[in-house]
Amino acid sequence: MSLLGGPMKASDLFVRALENENVDYIFGVPGEENLDFVESLRSSKRIKLIVTRHEQAAAMMAATVGRLTGKAGVALSTLGPGATNMTTSAAYAQLGGFPTLLITGQKPVLKSKQGAFQIVNSVEMFKPLSKFTKQLVDGGLVPAYVREAVRRAEEERPGASHIELPEDVAHQQVPEEECVVYPAERVRRPVPEVKAVARAVQMIRECAHPLLVVGAGANRKLTSNMLRQFVDEIGIPFCDTMMGKGVIDSRNKMYVGTAAISNGDYIHHAIDHADLIILVGHDVVEKPPFFMKPTDHRRVIHVNFFAASVDSVYFPQHEVVGDIGNGIWQLKEKLKDSPLPVWDLRYFKYVRQEMLKNFSTGTGSCSMPMALPRLVELVRKIVPEDSTLCLDNGLYKVYFARQFPAYTPNSLLLDNALATMGAGLPSAIAAKIVRPSHAVLAIVGDGGYMMASHEVVTAVKLKLHITVLVLNDNAYGMIKWKQAGMHMANFGMDLTNPDFVAHAESMGARGHRVNEESEFADTLSSCLATPAVHIVEVPINYAAGAALQEEALKEHLSKTLLSPDEFFKRSPPPAMNSAEHSQLPKALGKQPPGGGAGEDGPSKESKQDVDGVKTWPFYLGGEPQAPNADLEVYDKYTSKVAYRVAQATAEDIERAIAAAHAAEPAMKALGSWQRKQILLFCVEQFKERKDELAMALCIEAGKPIKDSHGEVLRLIDTFQIAAEESVRMYGEWTPMDTTERNKGFSAIVRKFPVGAVSMVSPFNFPLNLTAHKIAPAIAVGCPFVLKPASRTPIGALIIGEVLAKAPHMPKGAFSILPCKRDGADLFTTDDRLKVLTFTGSPSAGWDMKARAGKKHVVLELGGNAACVVEDFREGELEAMIPKLVFGAFYQSGQSCISVQRALIREDHYSAVRDAWVKAASKLKWGDPKDPETFIGPLISEKEAKRIEEWVQEAVNRGAKVLCGGKRHGAIYEATLLEKVPWDCNIVQNEAFGPVACLFPYDGYKKAVEMVNDSKYGLQAGVFTHDLDKAWYAFNEIVVGGVVINHVPSMRIDAQAYGGSKESGLGREGVRYAMEDYVEIRTMLLSSPGVSI
């Protein structure tokens, strides 16, 4: 308990208690009886009041916040009609299991009664609709009521809580000793009992056809992760309910459908075939995915936070009660204790194949009004993978639940509990507030939209970017469908709707109408790319729904789907014993599209576990391929094999180049908004996977984890910059009437993508230097083939995994191919590749340029950067030393622009040297996974030995080691040298390690000459406050970049970056690299417009 100080008004205390519960938003409508509360909210530094147009919508928004975050969403209303308006939403939250706190006002209750005007007994009204409902009669009870209401709302099973705050109680002064808040600590749920888990494991081992069914209660983040691992590692097929959809990726090859209708669909044939059903998170408020019968051959294991509610259609034979995530984890680990049984899963696979064929029916329709199957397919293709879809209630909900692949939990928000109309638009508003960086799309029918369309004004006021598809059939379409299915005449279902475009624009939104099927994709894509509130009217044809009528579906399946008996007569079981089955590899790690293991073994897209080592595919033509696992990638600190990677052959490279060449027209045809969407999709994916990327980099490159996280941020920045530059591919109009002969001529100059690009990236920045090649190519519309460094390919392959899912990316447009050098000659010599961009050693780079033929070549080849310390002001030495330490030793010195030569003015030399040595001596070396480590291993022990030899050469010739100078396997300590002969290797060549040589000088021009006395010229740093000296350095130092008052190791990802002399050819930096990937084309115009 924490004292807040006081006394204070009860409404102030209420707001402080909500802040203590980490409430960020309150949705609501102000009224006379809640003005004290509204006034208290005005001074809150945490909670934002979002004023809506209707209390029902406010509470639906609050419920959606609870649904997406697991924390109670809060809504506010006044008394009487305001409170009654919230009842539908209370039922929506209570039945759906969405943690929500509803706060309603009331007339004074302590002294002055005002008759019965507007008074409703709200507490009694909310009792059947909530888990907790109380009237506050004393301000001192506020902290306890708020803590209990939130706790009840959030604990399993979540739902609605309600507190009534009368006007006089809100205004009441609460004594100081009662102004407290109670700890809002998370209560850990009990874990399932060990014997219950053991019995479940035994039942799973004894069955022949197990099936996992995922319900609404499993829609929790940790539970989702555990279920995905369970399916991947154990290999049991799964299906889900409407509100369990997305808990496991629908692209997983073990997915056999969603229970979108009550009976008779493909999924029900799979369920009927199962002899054991593991039902996870079953919620009785959902339509059940199956009905049990006393004569059933199936056994059911109930896995949930609470015990089963037994009735005539649900009476499980066994229960695993407790935290679902922990229960699933225990089941997985116990099943893995010994070889897995050989379950016969072939019929599930067959049902899946036939189901997917059925889903394609109607997807090619170009009719208008649009067919539902076509709409579902196009939406999935167009929306980014991390989008949130919010559905209202209607026949389209059935189609989206049945046929829309959901990739992540709560990415398809539909309500199959209360199943109310009018929830789609409020849910979308709340989803965008909670997930501001995600695309949010509401899909609503015309009837449901009109029930909530007033909230368009709320979305506009909040300046949200949401898109609302209004599916217009001028009727209550789903009820009309049901009416027809019951062989009744059409009566009472048709509607007269407003002009939806004009209606939207009257509220400040942007209105659109799709008149032809061919317009839909561009309209939706444009809306998703343009920040605004978009209302898109889509005429819809529900005729396809006839195929889902129970009688029609039953007849169709009787003709097209084999029964298990018929299927097994045609498909005799394969011979395989348990030992053979136990040797099948099991997929590990995060599930990629289409992953999962089954009777055919894991798919080619999965990252497999071979002897405990993860394996990765390469990407050819945008598709993952794993024909082998020949390339071993080592943990640079432990020297153990960390990954095995598919290695491409010359034939693979040939196919990749052909695919890139073939993709040139499609890449060129992409709109700038589409290229931008691809790049922004990558940005969001990299943000979500930043920890995974950093750890992979730390392992494969030995890069200290702090530096690894820094490189991931630069990867994100580079793609973000490219997204911004992708819409700035400007041309120009030029007058050409420069002489009388040219009278009337003008010209338009445009830039066009040059074609397929060949890329070779280095080991030291596997993410960011790869990004500096890939992102500009996508920004201009060039397909590409990339060879990552064989010692550090994982970062590039993760980029490939993300690009494979990106919207709008044409087929064949990219390949990422780890391969041997002797098989990679096509990257250099093939004439179909129009640009070669290479980062690596000078010897390899210049050789490649010599053999590259007619293609444009860009080379970044390294250096031995110099830093000049000319002058600094009093007190600046302390700030300069960390920069010098960073410049010389970050990334363990494995940077082309690492400070290798430090030139220090003679009168500053001793002070700078001593401070630098003191700081460098404190740098920790060792395990790069330790956040305190500054110096990690070099890329190999061979390189560390080379550094050791170069330092020893200098010492043998008179150099002095100021600090460091010792090797520990592949680690070389941070080393500073002085008195080094100028012709030593450690001065003349690129060290690429944590070593810097210090030299005093006695004249500024002499220092500039020393900088230039090198075969390299990448970047240089100069510390000076004299503008003339800075300008002199810029003019006279022959390098690609001069950094003033910082070390040469500073690179901004938007800058032009590249070298002179042996350091390279051309420039990187997103905007400048884009210039290398385009060619200028001129259209010469003779007297345009004159003839009119």
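# A guided tour of the predicted model

The model in the viewer is predicted. N22 sits in the loop that runs between α1 (10-20) and β3 (25-28). Its phi is near 65°, a positive value in a residue other than glycine. Most residues other than glycine have a negative phi.

Next, select S1087, in the segment after β50 (1078-1086). Here too phi is positive in a residue other than glycine, with a value near 50°. S1087 has a relative accessible area of 31% and is therefore partly exposed.

**The whole protein**

Now show the entire chain. The protein contains 40 helices and 50 strands. Its C-alpha trace spans about 95 × 85 × 80 Å along the principal axes. For 1092 residues, a compact globule would have a radius of gyration near 31 Å; the protein has 33 Å, which agrees. Of the 1092 residues, 59% count as buried. The protein exposes about 42900 Å², and carbon and sulfur atoms supply 53% of that area. Among contacts with a separation of 6 or more, 74% are between residues 24 or more positions apart.

**A residue in a strand**

Select T467, in strand β21 (residues 466-472). Is T467 buried or exposed? T467 counts as buried, because its relative accessibility is 1%, below the cut-off of 20%. To see what surrounds T467, display its contacts beyond the neighbours within four places in sequence: V440, L441, A442, L524, C527, L528, H534 and V536.

**Two cis peptide bonds**

Most peptide bonds are trans. Select E156 and R157, which are joined by a cis peptide bond with omega about -10°. R157 belongs to the loop between α7 (142-154) and β8 (160-166). Then move to M368 and P369, where a cis peptide bond has an omega of about 5°. P369 is in the loop between α13 and β17 (370-371).

**The second largest pocket**

Select R251, R380, K381, P405 and Y407, which lie nearest the centre of the second largest pocket among its 50 lining residues. Elements that give two or more residues to this lining include α13 (346-359), α15 (395-403), α21 (517-529) and β28 (623-625). Which element gives the most to the lining? That element is α14, with seven residues. The pocket holds about 1400 Å³ of space. By class, its lining has 25 nonpolar, 11 polar and 14 charged residues.

**Enclosed cavities**

How many cavities of 30 Å³ or more does a search of the whole structure find? The search finds nine. For the largest cavity, select R714, N764, F765, N768, L769, E860, Y890, S895, C896, I897, R1051 and Y1057, which line it. About 100 Å³ of space lies inside the largest cavity. Its lining is made up of six nonpolar, three polar and three charged residues.

End at the second largest cavity, with a volume of about 60 Å³. Select N864, A865, R901, L1018 and Q1019, the closest to its centre of the 13 residues that line this cavity. The lining of the second largest cavity has seven nonpolar, five polar and one charged residues.

Definitions and conventions. Residues numbered from 1 in each chain as written. Predicted model: local features only at pLDDT ≥ 70, side-chain atom pairs only at ≥ 80, totals over all residues. Heavy atoms only, no water. 1 Å grid on protein atoms, 1.4 Å probe; cavity = no way out; pocket = protein on both sides within 12 Å on 5 of 7 lines; lining within 4 Å. Points joined across faces, edges and corners; volume = space filled by probe spheres on them. Nonpolar A, V, L, I, M, F, W, Y, C, P; charged D, E, K, R; others polar. Helix = DSSP H or I, 4+ residues; strand = E, 2+ residues; numbered from the N terminus. Rg over C-alpha atoms; globule rule 2.2 N^0.38 Å. Buried < 20%, exposed > 50% of the residue type's maximum accessible area, 1.4 Å probe, protein only. Contact = heavy atoms within 4.5 Å. Areas by Shrake-Rupley, 256 points an atom, 1.4 Å probe, with all protein chains shown as cover.
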